[in-house]
Amino acid sequence: MSDCLKLKKANCKNCYKCIRHCPVKSIRFSNNQANIVEDECILCGKCFIICPQNAKEIRNDVGVVKSFLEDGNTVVASIAPSFIANYEGTGIKGMEDALKKLGFTAAEETALGATVVKSRYDEMVKEGKQNVIISSCCHTVNTLIQKHYPEALPSLAHILSPMQAHCTSIKERYPGAKTVFIGPCISKKAEAEQYPGIVDCVLTFEELTEWLNEENIQIEKNIDTTEESRARLFPTTGGILRSMFCENDDYSYMSVDGVENCIEVLKDVIAGNLGKCFIEMSACVGSCIGGPAMDANKRSPVRDFMAVDRYSGKKDFNVKKPDNDKLKKDMTFVGVTNYMPGSKAIEEILHKMGKMTPEQELNCGSCGYDTCREKAIAVYQGKADLTMCLPFLKEKAESFSGNIVNNTPNRIFVLNENLEVQQMNKAALEIMNISHESDILGEPVVRILDPQIYEDVLQSGEDVHDKRIYLAEYGKYVEETVIYDSSYHIIISIMRDVTKEEKE
């Protein structure tokens, strides 16, 4: 896996949100920093979308395309059909005009390649040789299967993606041309690198928008429609199926979006629970119009779906379909090295986390993992550390502070702003001859002490430090420090017994 998705280290704030939302837990957390585990990552982009600190960033490849143009190459763009949702009010003609101003030779719709791919899908369904057919358009889904669910590889349609099919066609029609795919996806950058010689560079819509703004180029509002454009439906959930004929009644046809939903279906496929079906899979909820690299201010699922739907025609593009051999794509198992701990190792880690019994395994998810045992496995694999367990840290901190408070010889008690006792340590109970803390909790401090010093601190907001006073009712001299914490609305009293010093 390349460095398509990177981390800005200084911005990570230990919120674990990226771990919580990563469907394959390909995040390693160490030294208070989140790091992407490239061997396990499927480039779904969820961490990029949800990071509250913008710590994740997509590699910018505009410079690569600029170098193509500066070297005098013929550069042709393949524009993902989701552009109609990202660039409101324009069509492919408006997009091509804008790209030509940047220096591109031409720009075409990736939907042309989608037409070729969907035609091959229809042939596979008609042939009926493959029991379960999973669409291969989404590189993140393909990578998910290759890395994490290889048992489902026989069900994956080993067919080029629309991006690859279209860029192959461009290179045939423009000999020596550089092809640049432009879309809403991060994983397409990795797909281009994994299968070299087809797509020379991938830009996201965000990269293109920034480049256009730098050059002060406006995309003209010009929606050009045609009936021969059914494959423009591809970037919506169910769009592949809507563009297909689905003529074999022996098959069931279903669309699944969202990585988590795809994983559940893959488990069923592997278990043999599904048969004779064509499954359209997309990693993004809402399919490509929900892609991670759509312009951030352009996300509107319903409006985007309607824009794609209105722009799509009822008939197929008139494109020449290449031989099936040219559409084949080799997708094999990509090994992921993850050593699984035995039950004893897991138990040892759980004990270090303060989980001595199953009842103490809260499975609260605050660390980003669904269960304490998943977290323990991640610790064993070096992807997490013990300090990521917030209940454990809280309990440890409370235990630490509790030990200090209960074992210090100083008398400590806490009042609320009504001067009622909220907490009292063992030493304070002893000096005031109180048997149990419960005997005084919630009671006015006037029952045991003169409240004047606490009233003065509360009203003035000024703390008192080491004031020597005599507690006549207890026959003790003490040095008292009184602190008012306005944020927690409490008054803390710390008394040091100096009776022996005073008598001497």
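Predicted model: local features only at pLDDT ≥ 70, side-chain atom pairs only at ≥ 80, totals over all residues.
Residues are numbered from 1 along each chain as its sequence is written, and side-chain values use heavy atoms, with hydrogens and water left out.

Tyr87 sits in the loop between helix 4 (83-86) and helix 5 (92-102). Helices here are DSSP runs (H or I, at least four residues), as are strands (E, at least two), and both are numbered from the N terminus. What does Tyr87 touch, leaving aside neighbours within four places in sequence? Its contacts (heavy atoms within 4.5 Å) are Met95, Phe205, Leu208, Thr209, Ile219 and Asp295. With Phe205 there is a polar atom of the Tyr87 side chain 3.0 Å from the backbone oxygen. Tyr87 also lies 9.8 Å from Glu220, C-alpha to C-alpha, although 133 residues separate the two in sequence. As for helix 5, its buried residues are Ile92, Gly94, Met95, Glu96, Ala98, Leu99 and Leu102. Just after helix 5 comes Gly103, with a positive phi of about 120°.

Next come the helix pairs. Two packed helices are described by the angle between their axes and the distance between the axes. The axes are lines fitted to C-alpha atoms, for helices over the stretch in contact, and angles run from 0 to 180 degrees between N-to-C directions. Helix 3 (residues 62-70) and helix 10 (residues 205-214) cross at roughly 60°, with axes that come within 10 Å. That makes helix 3 oblique to helix 10; angles under 35 degrees count as roughly parallel, over 145 as roughly antiparallel, 65 to 115 as roughly perpendicular and the rest as oblique. On the helix 3 side, Val62, Val65, Lys66 and Leu69 meet Glu207, Trp211 and Glu214 of helix 10. This contact has four nonpolar, no polar and three charged residues, with Ala, Val, Leu, Ile, Met, Phe, Trp, Tyr, Cys and Pro taken as nonpolar, Asp, Glu, Lys and Arg as charged, and the others, Gly among them, as polar.

Helix 7 (residues 139-148) packs on helix 9 (residues 187-194) at about 65°, with the axes 9 Å apart. Helix 7 is therefore roughly perpendicular to helix 9. Here His139, Thr140 and Gln146 of helix 7 meet Ser187, Lys188, Ala190, Glu191 and Gln194 of helix 9. That contact divides into one nonpolar, five polar and two charged residues.

How many disulfides are there? With a disulfide taken as a pair of cysteine sulfur atoms within 2.5 Å, the count is zero. Cys4 has its closest cysteine sulfur in Cys41, and 8.7 Å is too far for a bond. Cys4 is also buried, at 0% relative accessibility. Cys138 is in no disulfide either, as the nearest cysteine sulfur, in Cys185, is 6.2 Å away.

Finally, some loop residues. Leu43 has a positive phi of about 55° despite not being a glycine, and it lies between strand 3 (33-36) and helix 2 (46-50). Cys246, also not a glycine, has a positive phi of about 50°. Its loop runs between helix 11 (239-243) and strand 10 (252-257).

How values were computed
Buried < 20%, exposed > 50% of the residue type's maximum accessible area, 1.4 Å probe, protein only. Polar contact = N/O pair within 3.5 Å; in protein donor to acceptor, adjacent residues only side chain to side chain.
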